[in-house]
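This report describes the overall build of one protein chain and then turns to a single residue within that chain.

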Amino acid sequence: LINHDNTIKWSMNIDKQNIIELVAIPNSKNHYTLCLSSQVGCAVKCSFCFTGTKGFKRNLKPYEIISQILQASKRISFIFKTKKITNIVVMGMGEPLLNIKNLLSALNVIISKYTYNININKITISTSGILLYMKELILHKIPLALSLHASSDKLRNQLMPINKKYSITSLLKYCKIFSISNKLTIEYIMLKNVNDSKKDALDLITLLNNIKCKICLIPFNNFPDSFYKSSDMKNIIKFKNILIKHGKVTTIRKKLGFEIGAACGQLTSDISV
């Protein structure tokens, strides 16, 4: 599927029982950022993500992760002769760090000068906060995006059940160490009347004090039967300005691919077909 903004989404049969989805997103250099999946479904079950509602089937093997960039590269070069994949984000279906061994094996192939030769700094792994495996990433120098989405454990427990195992305090303690020598992004989904108040912004600033990071605000993308709504853009901009005023580098993620179900939190395929 190709959206009017040139976002491309694929469904891929990886075996006779399972389907995954991946997305190619136009980036500022007029090329593409490829959003890879790491699992079939997801076991983390964040309440604002469609993928988690479909359950978890299995981890992807290294060749199944690599095959996504192989297929996407061929398709992009066929549709757009001059465009190519320049960036990778592991933000598709699944929790990447729960498949860390296979993922790192695949990335070692992807960064090789004999294959896709993508610079390690152009790759970002997003995690809900699997602290046990986050610690491994310091050694690999791979940019990390932490899906934080709340400034208190009480709220984050509701949004992301994994927080009951890995609390905000424990995650940010690690992030402070990680950010000294590695690129760190804090992802924060904007949910209307849930986590988008001025107090939420100020609490977030306090949490991230002395942590070198970029904050990415993500407008919520609706999916069937969701009870959340996205914050109004006017309020998202106000939230952003508070963060910037307090010295935090902050961006708002563009809403790309929404109409074809390719935006953040919308990826899903039935895990058995």
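Of the 273 residues of the chain, 54% count as buried, where buried means under 20% relative accessible area, exposed over 50% and partly exposed in between, with a 1.4 Å probe and protein chains only. The model is predicted, so that local features need pLDDT of at least 70 and side-chain atom pairs count only at pLDDT 80 or more, while totals for chains, interfaces and linings use all residues. Residues are numbered from 1 along each chain as its sequence is written, and side-chain values use heavy atoms, with hydrogens and water left out.

The chain has eight helices and eleven strands, these being DSSP runs (helices H or I, at least four residues; strands E, at least two) numbered from the N terminus. Residues 24 or more positions apart supply 68% of the contacts with a separation of 6 or more, a contact being heavy atoms within 4.5 Å.

| Property of the chain | Value |
|---|---|
| Radius of gyration, over C-alpha atoms | 18 Å |
| Box filled by C-alpha atoms, along the principal axes | roughly 50 × 40 × 35 Å |

For 273 residues, a compact globule would have a radius of gyration near 19 Å, and the value for the chain agrees with this; the globule rule is 2.2 Å times the number of residues to the power 0.38.

Ser147 lies in strand β8, which covers residues 144-147. Is Ser147 buried or exposed? Ser147 is buried, because its relative accessible area is 11%. Leaving aside residues up to four places away in sequence, Ser147 touches Ser126, Thr127, Ser128, Arg156, Met160 and Glu187.
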